[in-house]
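Visitor: I'm new to this one. Could you show me around and tell me how you know what you know?

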Amino acid sequence: MWQLNKKATIRNIRLLYFLLTIGIILFACISVTIGVADITLGETFAIIRSKLMNSPLTSQISQGQQMIIWNLRIPRILMALLTGINLAVTGAVYQAIFRNDMADPYMLGVSSGASLGAAIGFCMGGFSPIYAFTGALIANGLVVLLSGLSGKISPIRLLLAGLAINYFFSAFLSFIRIQTEDKNLAVFIWGMGTLNAASYERVGILLLVTVPILLLFFVYRKELNMLLMGEEAAKAMGVDVTQVRKKLLILSSMLIATNVAFTGTIGFVGLIIPHVARLLFGSNYKRTLPLCGFFGMYFVLFCDNLARAVSKGGELPLGIVTALLGAPYFMYLIYRERKKVG
């Protein structure tokens with residue numbers, strides 16, 4: 001009977017993955033039609049078919065519409081999907097590493113460190129992902145140092161360390177914004193999180209970083225499950241906790257840094273999505289990591305659509321929308337922790 005239930009569970013999960021995949025494809029197709037320029041779904045499919053199959057278009061579809069769909073909206077949608085996967089899965093990994101429900105790259109200052117590094121690279125004319133990676137590593141190191149990663153981690157100390165790092169790097173980032181003069185507006189908007197700069201080249205770079213790191217995260221799913229049980233339990237099961245944490249933190253830094261370099265700081269995705277995945281499907285990371293990826297894609301794409309739809313004269317920065325939706329949930333988590341302590 002147990003074997004039958006297990007097979008049924010596996011079959012149900014595979015069906016869920018299939019439905020989520022079909023759903024995200026349909027959602028992405030609908031999302032391409034959202035924006036200031038009014039382009040129908042039929043015109044969108046005609047443009048995509050023309051580009052892929054090199055077929056002629058009707059005279060009713062202008063060159064401007066082709067450019068908007070093919071050069072602006074499609075790269076933006078692809079960047080949103082990759083950003084959703086990266087932030088949500090990395091948030092789940094952070095929560096296992098630190099064994100803390102409120103751990104994610106944004107709350108622990110890692111995104112701010114990557115943003116500062118990328119801003120420095122932007123001003124110096126260098127390759128920003130390298131600068132962003134350096135900033136993320138420095139932020140990681142400071143959080144580790146302040147929260148006492150080698151010993152028992154206090155949730156309050158971890159949160160305070162993350163907030164301190166966040167404010168510290170944000171102050172430097174604000175200083176850079178003030179000093180950039182004519183570039184100030186671009187740096188300011190980028191710092192709040194935006195997909196405006198999406199391009200096929202950047203999507204390709206992010207994809208090359210995303211795929212191997214996500215595969216490595218999945219390889220470490222058993223270790224992540226053991227870390228959730230506690231450091232002593234993980235050690236008793238043969239896990240080299242220090243080495244696993246170091247490797248996962250470095251991989252997380254690479255992924256977040258590259259993403260931040262292209263999109264700026266987009267907060268709360270890595271905080272909300274892992275909670276939703278665990279609430280609905282449990283804490284087994286064999287299921288949680290793929291589901292976080294799917295839910296992250298849906299959430300970021302929804303927020304980006306909302307950012308483009310609510311403002312007729314332009315759009316809201318994506319980071320503002322995710323913060324408006326994520327901050328109340330963070331308040332709920334704080335309230336729940338307070339009730340546990342009480």
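Visitor: Which helix gives the most to the nonpolar patch?

Guide: That's α14, with 3 residues. Keep in mind that this is a predicted model.

Visitor: What makes up that nonpolar patch on the surface?

Guide: Phe302, Leu306, Val310, Leu316, Ile320, Leu324 and Leu325, which together have about 570 Å² of accessible area. Helices α13 (285–309) and α14 (318–341) each supply at least two of the patch residues.

Visitor: Why is Phe302 called partly exposed?

Guide: Phe302 sits in helix α13. Buried means under 20% relative accessible area and exposed means over 50%, with partly exposed in between. Phe302 comes in at 43%, so it counts as partly exposed.

Visitor: And Pro75, why does that count as buried?

Guide: The cut-off for buried is under 20%. Pro75 has 0% relative accessibility, so buried it is. You'll find Pro75 in helix α3, which covers residues 63–97.

Visitor: Which residues is Pro75 in contact with, leaving aside its neighbours within four places in sequence?

Guide: Ile69, Trp70, Ala198, Ser199, Tyr200 and Val203. There's also Leu195: it is 120 residues from Pro75 along the chain, yet their C-alpha atoms are separated by 9.0 Å.

Visitor: How many helices and strands does the protein have?

Guide: 14 helices and 0 strands. As for burial, 46% of the 342 residues are buried.

Terms used
Residues are numbered from 1 along each chain as its sequence is written. This is a predicted model: local features need pLDDT of at least 70, side-chain atom pairs count only at pLDDT 80 or more; totals for chains, interfaces and linings use all residues. Side-chain values use heavy atoms; hydrogens and water are left out. Helices (H or I, at least four residues) and strands (E, at least two) are DSSP runs, numbered from the N terminus. Buried means under 20% relative accessible area, exposed over 50%, partly exposed in between (1.4 Å probe, protein chains only). Contact means heavy atoms within 4.5 Å. Patches are made of residues with over 30% relative accessible area and no salt bridge: like charges are joined within 9 Å, nonpolar side chains (Val, Leu, Ile, Met, Phe, Trp, Tyr) within 5 Å. Accessible areas come from the Shrake-Rupley method with a 1.4 Å probe; for residues, only the protein chains shown count as cover. A salt bridge is a side-chain nitrogen of Lys or Arg within 4 Å of a carboxyl oxygen of Asp or Glu.
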